[in-house]
Amino acid sequence: VEAGGETPPGSKAMCFREAPAGGGLPPPPSCVVAGPEGPALQQVAILVAFLVLAVPASAQETPPEPVVVPPELTRFEEAKLPPDLGVEPGAYVVTLAVTVDETGAVAGVEATASDDERLTPLALEAAKSFTFKPALVDGAPVAVKITYRYTFDVRARERSVVFVFKVRRKGTREPVDGLTALVEENGRSCTSVAGTLEVSDLPPGAYTLYVPEEEWVEVREPFEVKAGEVGEAELWVERRYGTSHQTVIRAPREARFVAKQTLQATELARLPGSGGDPLKMVENLPGLARSPFGGGQLIVFGADFLDSHVLLDSQPMWWFYHFGGLYSTINPAFIDRIDFMPAAFDASYGNAIGGIVDVRLKDELLDGVHGAVDVNIVHAGAIVGFPYSEDGDLTFALRRSYIDAVLKLVFMGNDDFGLTTAPVYYDYQFQWRHRFGSRNRVRLFVNGSDDAMEVLNRRNSMSEPTFVGSLGLSMWIHAASFEWESDITQDLKSVLSVKVLPMGFDLNVFASMKLQVTQLPVHLREDLDWRIRDDLRLRAGLQALVTVGWLDVRAPHVPYGGAVPAPLGNQDIIEANETVTVADLAPWASLEWQPFPWWTIVPSVRMDAWVGDWTRVYADPRLSMRFQIDEQWAVKAATGLYQQTPPVFTFSREFGGGDLGPESAVHLLAGVEWQPLPDLFLQVEGFYKHLFNQVEPSNDKTVRYTNDGYGRAFGGDFLLRVNPGGWHFFGWLAYTYVVAQRWDFARDDWRSSDTDQRHVLNVVGTYELPHHWYIGLRFRLASGYPYTPVTGSVFDADTDQYVPIPSPLKNSDRLPLFHQLDLRVDKEWVFENWKLALYLEVQNVYNNRAAEAIQYSYDYSQTDWVSGLPILPVFGIKGEF
Amino acid sequence: VRRIVPILVTIAVAAGCSDPFKPQNEVDHPRVLGIVADPPEPAFDGTTALEAVVAYPEEFASLAWSACPLSLGTELQYACAMPEMPIPGDGATSAFPGTALKPWLDALKMAFADFVGFIRQVVRQKDYCTRDMIAAWDACVAGQETPPQECVDAGHAKTIECLRSGGIEVVFHLAATLKDGTVLHAYKTARFRDATADWPPNAIPRLEGVKVGDHFLKGGELVEVESRRETQVLPVFAGGAVESCPDPDGNRNDEKLWVSWYSTAGDFSYARSTYEFPENRFTLPGIMDPESDATVWVFVYDDRYGVSYLTFTARPAGWTPDANEEDAAGGEDVAGGEGEP
């Protein structure tokens, strides 16, 4: 502990018998400061002394009253504080009883009280060297005993820095804060701040800085102090095994998102099944069903996957996986966390009757040049970012697949089947961030992706007579988003973002079907967050959308609810070539009120006003609340009305035809949370969703679709998770039970919806071994999706095809139970400036041929399962600096 | 768009998987292989001849024909919205005159509202005439509990106009009963309409013959082919097989032709071939049952209900049936020389 600064003058004195003493000296400049109190206290002390002396005088009625002059401090002695005293900076008082003799010398001293006993002997020792002008009574010096309050103002003193260490974490070069090290030679400790650790007050010589084995691996770093120089060196430290403080999945704490789960991106990448892509781990959370073929569709609490949205910083993303589920289109290095709200969220999100996944980008500015190179069997990518000033940085990323080269080799020499454009994708991202002062931050995020494939089937080995020619897919998107975050006042914050994302989709299924869509949407979003009082917070905002789309489509009806599609050549084909324009203006408000510390209630409302080729106005009121019973237990509940546009294809005059209304749902959700330990969390939730105004195909081909459908989904989920901490392990167990049904008008009864996956169990975890080895597993168990069995077929002699006869009991059969085990092993080598990681991920370890769909013989007399991927080892390497 | 992506993935995955089933062109049990309606587009009051092509005809007990002018189409497995009209005769061939529809057309007026309800379920996107009729009907009957007679008269007249110009699609139903009682159902469409100069009636696509290796066959012959060796088979289309016709928007399009190959033994490399890539490869197995030379059917389809076929017999080269078999074969001509059409 070091101390320094100025000492306030003055002291308080109380006469024991004779005159009180007072006064003081300005302290000398020193790292140890102590001294008497100020003149005001001195005057009070004198007054009190007079009163004490006056009482007996008055009682004895002894005339006349003596003239009393208190003793005056003429020499102040500074207390000497040793550097290892350990007293925190602050003000401390040791109250002393000091006897001043007739000469003004200190005849005796004793402590009567002390704020810190460690300071008491120091004050006593210093007080012995005090000298005073003696107290006078009627002009004659007398001995007195006074009370002296010795005040210590312990503060950081001006030090003489002799050596500076830049403390960096090995591998990432991140500055390390809060690292405590010792100078071995004198035992003095020092702590790093903002990545800088300063050693001071050492005479020239050789020393060793010692970092003990606690949070960081033990380090002994020799250094030399030279006279008149401030030395500088880097200190590389490495996190000690088992001390990760990454939070992988957090408890939902916001009352407006009672069912929210948050996944931190960093550690997710090591979970098996992710392929290094954190977004792919979302489907292992409670509330989500397993998507067929690992396609990445969000099937939340039994909702159709079109009813849920994936957003990037709360703005639409449209498609977030290459080729419908391979890898996400954003480099994971940009992602900070993923917020998942399966149901019952407040009005800040809209146009979704299912759930929301909001992918959040990292906010912290880069502290130096950073980058990574990632190579696996599918693609290679690189990212690099650097700060151009203390207030801004730039980041670039690019990734390209090369499975096209592999597949071209496979099909080389095949005259009948050729890859005109083998499956290939690329994506890119550019980010600019800048801080304007302490209150304004801007971000420009530009990203794009392009997927393309085309196969040429010159002759037909399949039963579909029209499956000859070209099968091609091309999908591209280029998005630019500008975000301005402003702290208008301490209690009022604003986030304004504008996003433009032109996109195109071109699907050509031989001669039978084509779907060409080009779209130019512009999104605007303003979010205001106003903390009115400690217990009252208003969030409000506005979302706006203007989009124009160009369609060129030749396709059959979109299949719905348990349909068994006939061969493509037998279906009625619809053609559309049109332009669709719609605009939406959606203001919303959400009030968070905490009437009691344990109760938070959030009413919210949102209004959507659509114009253009679809015109509707509707409002969604919502309410959620949270009861924090104690530090461990919480109860939550929420309900609300959720509405969304009918499926986008129904905006087409040819495909939609009818003037459909919005699809609607009422969510009800309640749950209990228990967090007995900081790293252990348990949650049980129940939900009910009533679906109405659902779009269904109409028998009337002049209308095609109606809003007559309705359904329900109910069930619950259970989550037990372990956060990373001292256990070397993190992971979770999630179980979801869902019943998802639609009303079957033909049978006048409920039937399973297409997304009715009753049981979903996910066990996900990774264990950190010493020496940067990580081993992870994922085990999944899920009910099969329902399907409508085929009872027979008839022969269509116009097309030489058999047409299936579906059972009237729609979705009455199920695919077999799905189960799969994935394993992943990571080994990391950490160097000073970079790190290298190798990983081996084995999906479907025991090679379960899981049924993903049913297939039929040409006349539907025989069936077999379409299996998912067999055992699939994936090897990858990643270098990061 | 997002709904389509997983469908595409499904198609891709399915297409890449090995098919565990027997191919459609392997004929190993009694089946209806095709139905020819000639012509496929007769005049509104003309007649079309029907011929069922079946494999193992001796296994069939009966073939019964019926017609439906109000078929609900593929989505409802050709269910008929009215009782089907039986067609006299019981055999592989039959005929249906368009005049048989006149009483039915007249009767439409009696339940015209029901007819409109039916036609709503099957009207095609580009059947502008019928859509206009439905729109006019909706406007006429709006707010009326009972459809006024003038609406019925106008709607009926418009319907007849639409049917005559656009055609009335009659779906013929063949119920083929096997001796074990199993009934196989097959459906074939013919469109009865008044042809115009711009839109002449469709003719069935015809084959002049098939080249099997070096042999040219016109149909009905027996040809020797090497066992366990791929033999090229090539359909030879008659001139004008590909016709051109206008679509409802007035654009002229060429027909899309494809060829379906069937055989009682052996394998084809492709289930189908096309007009653009017509050839196929045929392989006879090494060991064949001497009582069953491979019967091969070659069907050619257009996309307007036109279909024709020819058949031939393939025999392993060098294999000689015994004398009885030879006699039973009736002294077939064995194609041995080269030939060209």
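**Cysteines and a helix pair in chain B**

Let's start with one residue. Cys151(B) is buried, with a relative accessible area of 2%. One thing before I go on: this is a predicted model.

So who is the partner of Cys151(B)? Cys151(B) forms a disulfide with Cys140(B), and their sulfur atoms sit 1.8 Å apart. The S-S torsion is -85 degrees, and this link is left-handed. Where do the two ends lie? Cys140(B) is in helix α4 of chain B and Cys151(B) is in helix α5 of chain B, so the bond ties together parts that are 11 residues apart in sequence. Now the other end. Buried or partly exposed? Cys140(B) has a relative accessible area of 30%. Buried would need under 20%, and exposed over 50%, so Cys140(B) counts as partly exposed.

A disulfide is a covalent bond between the sulfur atoms of two cysteines. How many disulfides are there over all chains? The count comes to 3.

Next pair. Cys129(B) and Cys162(B) form a disulfide, with 2.0 Å between the sulfur atoms. Cys129(B) lies in helix α4, residues 128–141 of chain B, and Cys162(B) lies in helix α5, residues 149–166 of chain B, so this pair ties together parts that are 33 residues apart in sequence. Which hand? The torsion about the S-S bond of Cys129(B) and Cys162(B) is about -85 degrees, so the disulfide is left-handed. Both ends have a burial value. Cys129(B) is at 18% relative accessibility, which counts as buried. Cys162(B) is at 6%, and counts as buried.

Then there is Cys68(B). Cys68(B) is joined to Cys80(B), S to S 1.9 Å. This pair links distant parts of the chain, 12 residues apart. Cys68(B) is in strand β3, residues 60–68 of chain B, while Cys80(B) is in the loop between β3 and β4. Strand β4 covers residues 85–90. Left-handed or right-handed? The torsion about the S-S bond of Cys68(B) and Cys80(B) is about 95 degrees, so the disulfide is right-handed. At 2% relative accessibility, Cys68(B) is buried.

Count the bonded cysteines along chain B, and the pattern reads 1-2, 3-6, 4-5.

What about Cys245(B)? Cys245(B) is in no disulfide. The nearest cysteine sulfur belongs to Cys129(B), and is 18 Å away. Cys245(B) is buried, at 12% relative accessible area. Over in chain A, Cys190(A) is buried too, at 11%.

Last topic: helix packing. Two packed helices are described by the angle between their axes and the distance between the axes. Here the pair is α3(B), residues 112–122, with α4(B). Their angle is about 130 degrees, and their axes are 11 Å apart. The two helices are therefore oblique to each other. What is the hand of the crossing? α3(B) passes α4(B) in a left-handed crossing.

Which residues make the contact? From α3(B) come Phe112(B), Ala113(B), Phe115(B), Val116(B), Ile119(B) and Arg120(B). From α4(B) come Thr130(B), Met133(B), Ile134(B), Trp137(B) and Asp138(B). How do the residues of this contact divide?

Notes:
Residues numbered from 1 in each chain as written. Chains lettered and ligands numbered in written order. Predicted model: local features only at pLDDT ≥ 70, side-chain atom pairs only at ≥ 80, totals over all residues. Heavy atoms only, no water. Disulfide = S-S within 2.5 Å. Helix = DSSP H or I, 4+ residues; strand = E, 2+ residues; numbered from the N terminus. Buried < 20%, exposed > 50% of the residue type's maximum accessible area, 1.4 Å probe, protein only. Axes fitted to C-alpha atoms, helices over the stretch in contact; angles between N-to-C directions. Parallel < 35°, antiparallel > 145°, perpendicular 65-115°, else oblique. Left-handed = near helix turned anticlockwise from the far one by under 90°. Contact = heavy atoms within 4.5 Å.
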